[in-house]
Amino acid sequence: MKTTGYAAHSPDSPLVSYSFERRALRPNDIAMEILYCGVCHSDLHMARNDWNWTTYPIVPGHEIVGRVIATGSDAKKYKVGDAVAVGCMVDSCMECDQCHKGEEQFCREGMVGTYSAPDRITGEMTHGGYSKHLVVREDFAVRVPDSLDIARVAPLLCAGITTYSPLRTWNVGPGSRVGVVGMGGLGHMAIKLAVGMGADVTVLSRSRDKEKDALSLGADRFLISTDARAMAKAESGFDLIIDTIPVRHDLDPYTPLLDVDGTLVIVGQLGPIDEMTTFPMMLGRRRIAGSPIGGIRETQELLNFCARMNILPECEMIRMDEINEAYDRMERSDVRYRFVIDMASLSTPA
């Protein structure tokens, strides 16, 4: 299938229009016209090769929403016209213990990323959602509930599931005391989802700049992490803290805030952490953990939950040709709170 998108061709080049071929449908594939694609901070990191594993050219985008336009001969899950979504992975072995548990993100053979990853069959590099069409194994698409605003669903496929998964893993519900560190694309979803689960939610930030926003999103209170007196008063006050900060930072201020057996879950940062003391962890049997995205079954659960609770991300719609400006703005934290590309702004290939 001939299609068009936007690609980076080197770490220091802007994204530009790019025509390429999607694979022919395999028996268990669906083809979709992409209507909207969210813009994740990971897209920027990958386009600029910040993690040193990018293969060029790269078409980013792993928060994808569209409609089915064709199905493979054995594909039975969806029909033409269905609204579907695709997140951060498009394939896995489907045979290992983790895949059988519905946690394809932990596939023993390695899940296949939506972009800049080798296809399991051909070895060709995958291309993501900054494009007009996508061909994907039907098992890795999820159904978009009719009640959700399809123009705002896309960020749920990464920012949403990345924060929903640890909330579910650590059994957050009514009475849970949840802290959210950082209030960007992931952080604002962590607030909304934890509130939707009935938790008591506190946002932690270095200044009061986002206090009004945090409370409007449903948070119960706002804690200034640079206020030593307030932080001391909050010690042992949380069962779970979701840390969404995407850059290297000090974890020491947060571990004493956990109650006995509490957990600090890192979902934002990839890379080294600063040297830290284990004293608060040992005294309170506290834990530091990491969590990536969820599996396909959990992602569908997330969309269904958001439909029931009327939870959607805060989005700013952009055109495809505004992506480079959007990347610059993301680096300045100048977005509230997720960019979404309206793919109608991208012309169909001749």
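**Exercise 1. State which residue of β11 is the bridge partner of valine 178.**

Solution. Valine 178 is bridged to valine 201 of β11. The model is predicted: local features need pLDDT of at least 70 and side-chain atom pairs count only at pLDDT 80 or more, while totals for chains, interfaces and linings use all residues. Residues are numbered from 1 along each chain as its sequence is written, and side-chain values use heavy atoms, with hydrogens and water left out.

Strand β10 covers residues 177–181 and strand β11 covers residues 200–205; the two pair in the parallel sense over 5 bridges. Strands pair if DSSP finds at least two bridges between them. Strands (E, at least two residues) and helices (H or I, at least four) are DSSP runs, numbered from the N terminus.

**Exercise 2. Give the strand order of the open sheet, and find what packs on the sheet.**

Solution. Start with the order: 6 strands run β12-β11-β10-β13-β14-β15, with parallel pairing. At the edges are β12 (221–224) and β15 (287–290), each of which pairs on one side only. From one strand to the next, the twist averages 25°. Angles run from 0 to 180 degrees between N-to-C directions, and axes are lines fitted to C-alpha atoms, for helices over the stretch in contact.

**Exercise 3. Describe how α3 and α8 cross, and list the residues that make the contact.**

Solution. Two packed helices are described by the angle and the distance between their axes. The axes of α3 (residues 159–169) and α8 (residues 296–309) come within 10 Å and cross at roughly 100°. Therefore α3 is roughly perpendicular to α8; the class spans 65 to 115 degrees, with under 35 roughly parallel, over 145 roughly antiparallel and the rest oblique. From α3, the contact (heavy atoms within 4.5 Å) takes Gly160, Ile161, Tyr164, Ser165 and Arg168. From α8 come Glu298, Thr299, Glu301, Leu302 and Phe305. By class, the contact has 4 nonpolar, 3 polar and 3 charged residues. Ala, Val, Leu, Ile, Met, Phe, Trp, Tyr, Cys and Pro count as nonpolar, Asp, Glu, Lys and Arg as charged, and the others, Gly among them, as polar.

**Exercise 4. Characterise the largest cavity and the second largest pocket.**

Solution. First, the cavity. The structure holds 1 cavity of 30 Å³ or more, and the largest cavity has about 80 Å³ of space. On a 1 Å grid over the protein atoms alone, a cavity is a set of points where a 1.4 Å probe fits but cannot get out; a pocket is an open set with protein on both sides within 12 Å along at least five of seven lines, and lining residues have an atom within 4 Å of a point. Grid points are joined across faces, edges and corners, and a volume is the space filled by probe spheres set on the points.

The cavity has 14 lining residues, with Gly87, Cys88, Leu157, Ile296 and Thr299 nearest its centre. At least two lining residues come from each of β5 (83–86) and α8. The cavity lining has 10 nonpolar, 4 polar and no charged residues.

Second, the pocket. About 280 Å³ of space lies in the second largest pocket. Its lining has 15 residues, with Arg22, Arg23, Met125, Thr126 and His127 nearest the centre. The pocket lining divides into 5 nonpolar, 4 polar and 6 charged residues.
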